[in-house]
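Dear colleague,

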Amino acid sequence: GRYFTTSNLLGLLPSTTMDDLLARSEPVKMCAPMVRYSKLPFRMLVRQYDCDVAFTPMIIADSFVHSAKARDNEFTTCEVDRPLVVQFAAKTAEELSTAAQLVSPYCDAVDLNCGCPQRWAIKECYGCYMLNQPELVADMVRQTKCNANLPVTIKIRVSEDMRKTVDLVQRAERAGVEWITVHGRTVKQRAEPVDYDAIKTVVDSVSIPVFANGDITQLSHVDDVCSRTGARGVMAARGILSNPAMFAGYSQTPLDCIQTWVDIALSTGLSFSTFHHHLMYMLEKTHSKADKQVFNTLGSVSAVLNFLELNYGIK
């Protein structure tokens, strides 16, 4: 991949390690793997607003191993992009282990995606398909940890029968998984309420750290969810996408965060589409309906910059 190596890029401070974070008493705050969105520029942004750990988007391990083009497109990092977890979709221990070895110098852990509910992923034996393959998951964790000499984690959804979930996480723990992130919904659920009791069941079933995922949209949710479930921390997805400063206590994206995003995007040569889409999410609560219609149809970086300067004084 391509690496930005300016260690003080945009004033970012050197990060603490995952061990440092787990040694603290306060909850660990994570940015979720999000397809197209949790790439380096966005990770650099959220790290400035009290996000402790960030994940890459899900990467298909097989393509990553066999294609230099895929490696360049899918994985970019820099010296201060830590702690960093690289998430892979894989269906064999060899795939995951080989991919993990390629990224091991540049990250703090690799994560096996066992929670993607999309049909194409399950059809390809990725994501939620793994929820029914506890022995395979355990073998993938064991071999990858051994061969890549790197912590291995898993991100799961819960099963309708929680006995299956408990069996999966306990097997993974015995195989040496470092921690587990639990999205408190089943494979069929999307907007239904998060099942915090199910997350607590996982916490009570293992002795390793467990992180809660699902509907974390403001800072107050962090302590609430950790108190309710016993989780060691939380992972935010849609909440942090619409408000990258949420972990710093902001109820909506502050203007300085938008300014920082503009600076990062311009300095890293981010594509217009990605730059624009992130801003659509960030400004969703700020825009009037009319402003939203205008902003969402803008077609160039210069048009977006003109709009931001005119409406918010951002240059």
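Two residues are in contact, in the sense used throughout this email, when they have heavy atoms within 4.5 Å. By that rule, and not counting residues up to four places away in sequence, Asn 243 touches Tyr 250, Ser 251, Gln 252, Thr 253 and Pro 254.

Please keep in mind that this is a predicted model, in which local features need pLDDT of at least 70 and side-chain atom pairs count only at pLDDT 80 or more, while totals for chains, interfaces and linings use all residues. Residues are numbered from 1 along each chain as its sequence is written, and side-chain values use heavy atoms, with hydrogens and water left out.

The pLDDT, which is the predictor's confidence in each residue on a scale from 0 to 100, has a mean of 94 over the protein, and 95% of the residues reach 70 or more. Over residues 1-12, however, the pLDDT is below 50, although this stretch has 29 contacts in the model beyond near neighbours in sequence.

As for the overall fold, the protein has 15 helices and 11 strands, where helices (H or I, at least four residues) and strands (E, at least two) are DSSP runs numbered from the N terminus. The radius of gyration, taken over C-alpha atoms, is 19 Å, close to the 20 Å that the globule rule (2.2 Å times the number of residues to the power 0.38) gives for 315 residues, so the protein is as compact as a globular protein of that length. Among contacts between residues at least 6 apart in sequence, 69% join residues at least 24 apart.

Of the 315 residues, 52% count as buried, a term that means under 20% relative accessible area, as against exposed (over 50%) and partly exposed (in between), with a 1.4 Å probe and protein chains only.

Returning to Asn 243, you will find this residue in the loop between α11 (238-242) and α12 (255-268), and it counts as buried because its relative accessibility is 2%.

Where is Ile 240 found? Ile 240 lies in helix α11, and it is buried, with a relative accessible area of 0%. Leaving aside neighbours within four places in sequence, Ile 240 is in contact with Cys 31, Met 34, Phe 42, Val 46, Cys 51, Met 246 and Phe 247. Its C-alpha atom is separated by 18 Å from that of Arg 82, which is 158 residues apart from Ile 240 along the chain.
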